[in-house]
Amino acid sequence: MKTKNTTIALPNNSKNAKQVMINFLFLGLTIVLLGSCKSSDDQWIGIEEIIKGLELEQAITENREEAKQTFTLDSESGGQVSGSEGTILYFPANSFVDQDGNPVAGNANIELIEIYDKAKMLLTKMPTNGKRPNGDVETLISGGEFYINATQNGEQLELANAFQIFAPTDEFDEEMRIFNGQDNDCAGDDLECDIVWEEDEQGGLEPMQREGPNGTGVMGYGGFLNNFGWTNIDRWYSDPRPKTVLYVDAPEGYDDTNCNIYVSYDGEPTALALLDIYNTDSELFSEHYGLIPIGLEVHIIFVSVQDGQYVYAIQAATIEEDHLEVIGTTSTATEAELVALINTLP
């Protein structure tokens, strides 16, 4: 495992240096395996699970499930539900129909996930990656991410009309728009899929004031939604400086199957980009189109889950041209400890 935290511009001989390290580690691994040929089957299964990154995948799904709040609403009279972090959903009367298009009577179960900070984005793998109409993937500034759904007796319901969402904010940003989560051809349900955000050109927002839990007025974003699933209130990140590609070299043994690497933008509490490109030849993570501003101050976050604990590294960096960030020493932490670390980032 590397033991230095290094920020460098991409050198011409980086692959050669990495190959030397790979050969050295392979020799060491061979010696260890030869010396432990009598290991039990359980030990071999454990190694396989670590390589596959099953714990990380399971942790993300579990964190999404644990973040889900459920409410009961009379489908015929409608009404509102209020999330623990201030999100309010208002459904008019007779908002739901069944899979055959028939109006729904009786109670409906409303599901809500609300995400307003980087730590929760990371734990649930819900970064602020947005897709332009031309396919370019860029960073968004979020005013809140939401999963919203309705069921009755375990059956999926559909919307008969739009419903209203209210998301609290300290300051209304006129550039914020509604984005919908797209699941990148995932075959599972929305709580199991990786999401990229696409702007809903029909989804406008306006300043709204609602009553908070202590009876005082709360300012926020108000808008109407026409679909269930993932929704985000966002604006595109904008920076006039020249752009470059960011590369990140993960610790040996880690790749896109068993770790995630994020870029936390300093000074932006809700900008967390996922490096979702992995090159199997160079063994480097990167973003899509060379759109990271040169001179931008960021924190690179490496995260995995091994043996029930988070394995992580958080490194400060100022982006240079053709930037290569080498993840050095990693540490372990509980979920609560990792959340506290991320919430203290600038």
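**Salt bridges and an open sheet**

Asp194 is partly exposed, with 39% relative accessible area (partly exposed lies between buried, under 20%, and exposed, over 50%, using a 1.4 Å probe and protein chains only). The model is a predicted one, where local features need pLDDT of at least 70 and side-chain atom pairs count only at pLDDT 80 or more, while totals for chains, interfaces and linings use all residues. Residues are numbered from 1 along each chain as its sequence is written, and side-chain values use heavy atoms, with hydrogens and water left out.

Asp194 pairs up with Lys125 in a salt bridge, with 3.1 Å between the closest N and O atoms (a salt bridge puts a side-chain nitrogen of Lys or Arg within 4 Å of a carboxyl oxygen of Asp or Glu). Lys125 is buried, at 13% relative accessibility.

The structure has seven salt bridges. One of them brings together Lys68 and Glu111, at 3.9 Å from N to O. Lys68 sits in the loop between helix H3 (54-67) and strand S2 (69-74) and Glu111 in strand S6, so this pair ties together parts 43 residues apart in sequence (helices, H or I of at least four residues, and strands, E of at least two, are DSSP runs numbered from the N terminus). Glu111 is buried at 14%, whereas Lys68 is partly exposed at 21%. Glu65 joins Lys68 and Glu111 in a network of salt bridges.

Then there is the sheet: five strands, open, in the order S3-S4-S11-S15-S14, with antiparallel pairing (two strands pair if DSSP finds at least two bridges between them). S3 and S14 stand at the edges with a single partner strand each, so one side of each has no neighbour in the sheet.
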